[in-house]
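Here are a few quick notes to go with the structure. Have it open beside you while you read.

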Amino acid sequence: MQTPVMSALQLSESTAATRHRAADLFVQYQHEIYRRTDRLFAILMGLQWVAGIVFAVWVSPLAWFGPVSRTHEHVWAAIFLGGAICLFPALLGVFRAGEASTRYTIAIAQMLMGALLIHLSGGRIETHFHVFGSLAFLAFYRDWRVLVPATIVVALDHFLRGVFWPQSVYGVLVASQWRWLEHAAWVAFEDVFLFVSCTRSVVELKETASRTAALEQEVRTRQQAEDDASRTAARLRVTQQQAEAATRAKSDFLASMSHELRTPLNAIILYSELLQEEAQDQPTPGIVADLERIRAAGNHLLELINGILDLSKIEAGKMTLSLEEFDVRTLVAEVLNTVGPLVQKNENRLTVHCADDVGRMRADPMKMRQILVNLLGNAAKFTRAGAIALDVECDAGSEHSTVVFTVTDTGVGMTAEQADKIFEPFTQADVTTTRRYGGTGLGLAIVSRFCTLMGGRVSVESHPGQGSRFTVRLPLDVVDVVDAATAVDAA
């Protein structure tokens, strides 16, 4: 129940963070628009000031005095009044860009400049379009509120000048007292469309900010996931390296301790045999039995230590091959002398068959002997009053000629699940097998490691109650296979 709650809480925090970031982005985008538009109007104010002077020099005299062109007070009005209107907001647009007071000042100044241009043109109707164009430019702010003071200035300008000086705004000496309302209505009509445009622009700006914030959050989430995965992988690599280092240290220690462990144990076995021989001549037979138990326990312990040390040497990479050429039949005969008593102990029958084409092979004879001893010993241990068979034959059908050793027994057998794990160290079929038959689970693991070391493999086929068949395939010439594998690894 803890995980869903934490997930919901994290999701809520992520959503809140995204909304907060979207709000910040919206403010940033809006402020940047204000700054750009303020700078745009700072330039526009300067251009309008120049345009007003041009109007005063070339257009105003003709508009007010007919064909006679001469310098008039409108020129001074364009220079000084126009400068007063344009200079201050232009400076604000440069030095206080983005401030609310700047854009409202610019909105008022823009309408006043429009009124001045209308006056300089003698109230020509064409000049009134400057008002509509100015409103459109003010909509660049995407803030409908700047339209309010601009509209008020236009309405008041037309109303006051329509009452006191209609010629300067309408170009006629007498005008209707409601004409200013007509002009104001057209301005308000444009304001409606500009208001809709500003509102939609703000909505789109908010959507853009939300998409950007969501994208940033997704990128952060992915980056955090990748960082977490990288840290986890790094920790796993460190843990794996530490485990491998510990395994190597353990294997190195056991491999280096082989002499120290075997020497005292061999001495114990040797002295027990000597004492056993001397005790046989004494009138106390019980001592002989005790010494036999000591010798048997010492041999069992030596066998266990030898297995552990051999496995540790292989894992530490210190197990080497002593390759030499030998006769397979002779090796098999030596193995039978070793395992014969163990086979007979459980009243088993052992048969050996070597094919006619089996001759000499090049491998490590000590490891080859250990493989066969372990396989036959395993068969003898799990078979009672049954049959054990060793078959040896050559197989020249593959790329490298192989020698196939097959050990078959009629013992207890195994299930497929049990057979899958018997080549692992310290592993037997199950716990009951260990209690009933004994053993350490190292024999078959060493067989598998030795076969791999010599470029071969071992496999098993078994069924419960029907016995087992172990098949070992080794190269006829181990040198060729091992050198070829080394060459492939080096490449």
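1. Let's start with a cysteine. C354 is buried, with a relative accessible area of 14%, which falls in that class because the cut-off is under 20%. Keep in mind that this is a predicted model.

2. Is C354 in a disulfide, or in none? It is in none: the nearest cysteine sulfur belongs to C394 and sits 9.6 Å away, whereas a disulfide needs the two sulfurs within 2.5 Å. By that rule the count comes to zero disulfides. C86 is another buried cysteine, with a relative accessible area of 2%.

3. On to the nonpolar cores. The largest one has 45 residues, and I371, V392, F405 and L474 have the most contacts inside it. Elements giving two or more residues to this core include the helices α10 (328-345), α11 (365-381) and α14 (443-453), along with the strands β4 (387-395), β5 (402-409) and β7 (467-475). The most comes from α11, with eight residues. In soluble globular proteins, nonpolar side chains tend to be buried together.

4. Leaving out residues up to four places away in sequence, F405 touches V328, M361, M368, L372, D391, V392, F470, T471, V472 and L474. There is also a second, separate core of 38 residues, with A90, L138, Y141 and V169 among them.

5. Last, an arginine. R103 lies in helix α3 (residues 100-120) and is buried, at 6% relative accessible area. Its side chain makes a polar contact of 3.2 Å with the side chain of D143. Not counting residues up to four places away in sequence, the residues R103 touches include Y34, D38, Y141 and R145.

Technical notes: Residues are numbered from 1 along each chain as its sequence is written. This is a predicted model: local features need pLDDT of at least 70, side-chain atom pairs count only at pLDDT 80 or more; totals for chains, interfaces and linings use all residues. Side-chain values use heavy atoms; hydrogens and water are left out. A nonpolar core is a set of buried Ala, Val, Leu, Ile, Met, Phe, Trp, Tyr and Cys residues joined through side-chain atoms within 4.5 Å. Buried means under 20% relative accessible area, exposed over 50%, partly exposed in between (1.4 Å probe, protein chains only). Helices (H or I, at least four residues) and strands (E, at least two) are DSSP runs, numbered from the N terminus. Contact means heavy atoms within 4.5 Å. A polar contact is a pair of N or O atoms within 3.5 Å; within protein, one must be able to donate a hydrogen and the other to accept it, and residues adjacent in sequence count only if both atoms are side-chain atoms.
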